[in-house]
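Have a look at the structure first, then read on.

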Amino acid sequence: MIATDSVAVPRRVNLLGMPAVELEAFMVGLGEKPYRARQLLKWIYHQGVDSFDSMSDVGKSLRERLADCAEIRAPEVAQEQISADGTRKWLVRVTGGSCVETVFIPEDGRGTLCVSSQVGCALDCSFCSTGKQGFQRDLSAAEIIGQVWIAARSFGLPKKGGQRRITNVVMMGMGEPLLNFDNVVAAMNLMMDDYVYGISKRRVTLSTAGVVPALERLAAVSEASLAISLHAPNDELRSQLVPVNRRYPIRELLDAARRYLQAQSDTKRVVTIEYTLLSEVNDRPEHARELARLLADYPCKINLIPFNPFPHSGYRRPGRNAVSRFWNILTEAGLRVTVRSTRGEDIDAACGQLVGQVQDRTRRSERHRAATRQHPSVTADASSRP
Ligand code: SAH
C-alpha cells in the first residue's frame, strides 16, 4: 500500500514579485482578461494590500479563486527603528529565518530607500561589515520588492493623506546585486513599472563591486542607473580592498560600465563612482590625483563615502581635512564630486554597517559558548541547536 500521510497541499503562488507579464499570463491562465493583472498590481503595490478580500473592484468569485491558488506574501518585519535624523531601518526576516536590512533616508525633496539583494555577501570587500558574515543566500524577487512594499506601506497610502515618500531606490544594502541577477532585475523592473511604484529609471540605481560578465548582460534587460564601487585608483590597491578586482580589473570594469551607458536610449546618463575613503589607505593626495587621471573624460560623477566604522574593521574614517583635500583635488581636475553624509548613525544604518543576520549568529554563538561552558563534552550537539 502506498502511504497516504503526506497528502499534497497545493502550494499557493506568491504574486508579490511576479513580473507584470507573468502576472498577465497567470490571469489569462485563470480564464481572465489580461487587464486583471493591472488591477491586481495596483491593489498590491499602490494600496499595499495582502489579501484578495479587500480588492473591491474584483468580483467575489474571482477573489475566491485567487485565494485558493495564490497569495500576496511579503517578508516579515522583525524590527523597525527610527533615527533622530529621520532615517528609518527595518530588520526584515526572510524565508528560513535570516534577516536583512532596509534603510530609508529622507532628504530635502526626496526619499531614498536602500534595499538588500542577498543575505550576506560573497565578495568580502575588506572594509564592509556585510562581507564579514559570508554569503548565505540570494533573496527572491518577492523579498527584494517586498522591502519596498514594507517601507511604502509603513508611510501610509497616498490616498489616506501620506505623500509619496520613496522617490529613489538604491540597491546598496546587503549583498552584491549582480550575483543575484534575475531576481534583482525582476524587482527593479517592478519598481519602475507605473502600475507598481512608477519610480523613474534614473532614480533606481544598481550598485556593483564589478561582476563584469553580469554587467555585460544587464543592458539587455534593465534601464536602471549604475553605480560602481571603485574605492581605489589602481589595480594593486583595489585588489586588496575589493578582491573581485583580481578577476575583473579596473579597465575591464570601467569599459563594461561605459558600454552599459552607451546601450541606454537616454544619452545624458553617467556612472556614479563610489569611493569609500579609508584613512591613510586610499585617501592620500596621490590617490586623488591618480583617480583624477583615471576618470578624466570618463562619463561619471564621484560620490565620496567617508568610511563608516564597525567593530574590528581595522580601518579608520578620515578626518574632515583629508576628505576636503581629496574633494578639492578631484574638483580642481574638473570632476563632479559629492560627499555622502552619514545618516542614521544612532541606529547603525549607515553604508557598510548593515549586518542583519550577524546579530542572530552572535546570539547563537553566545548560546553555544554558554552551553559549552556548562557541558564541555557536548560541544557538537550544542552547536547544532537553533
Ligand atoms: N555590493 C554592492 C553594494 C554594496 S553597499 C557594491 O559593492 O556596490 C554600497 C556601498 O557602500 C559600496 O560602495 C560599498 O563598497 C560601500 N561600503 C561598504 N562598507 C562600507 C563602510 N563600512 N563604510 C563606507 N562605505 C562602505
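Predicted model: local features only at pLDDT ≥ 70, side-chain atom pairs only at ≥ 80, totals over all residues.

## A pair of helices

The crossing of α10 past α11 is right-handed.

Which residues do the meeting? On the α10 side they are P285, A288, R289, L291 and A292, and on the α11 side R325, F326, I329 and L330. Helix α11 itself covers residues 320–332, 13 residues in all, and spans 18 Å from its first C-alpha to its last, close to the 18 Å expected at 1.5 Å a residue. Just past the end of α11 you'll find G334, with a positive phi of about 90 degrees.

## The sheet

Zooming out, the chain has 13 helices and 14 strands. Ten of those strands form an open sheet with mixed pairing, in the order β3-β4-β5-β6-β9-β10-β11-β12-β13-β14. At the edges sit β3 (76–82) and β14 (337–339), each pairing on one side only. Ignoring direction, neighbouring strands in this sheet are turned by 20 degrees against each other on average. Helix α9 (residues 250–262) packs on the sheet, where it touches β11 (225–229) and β12 (271–277), and its direction makes about 175 degrees with that of β11.

Elsewhere in the sheet, β9 (residues 168–171) pairs with β10 (residues 204–208) in the parallel sense over 3 bridges. There, M171 is opposite L206 of β10.

Strand β12 has parallel partners on record here: 3 bridges join β11 to β12, and 7 bridges link β12 with β13 (residues 300–306).

How many of the residues in β12 are buried? The count is 7 of 7. In a regular strand, side chains alternate between the two faces of the sheet. For β12, V271, I273, Y275 and L277 are buried on one side, while T272, E274 and T276 are buried on the other.

## Whole-chain numbers

Buried residues make up 40% of the chain's 386 residues. Among contacts with a separation of 6 or more, 66% are between residues 24 or more positions apart.

Technical notes. Residues numbered from 1 in each chain as written. Pairing = 2+ DSSP bridges. Helix = DSSP H or I, 4+ residues; strand = E, 2+ residues; numbered from the N terminus. Axes fitted to C-alpha atoms, helices over the stretch in contact; angles between N-to-C directions. Contact = placed C-beta atoms within 7 Å. Buried ≥ 20, exposed ≤ 12 C-beta atoms within 10 Å, placed from the backbone. Expected span 1.5 Å × (residues − 1). Left-handed = near helix turned anticlockwise from the far one by under 90°.
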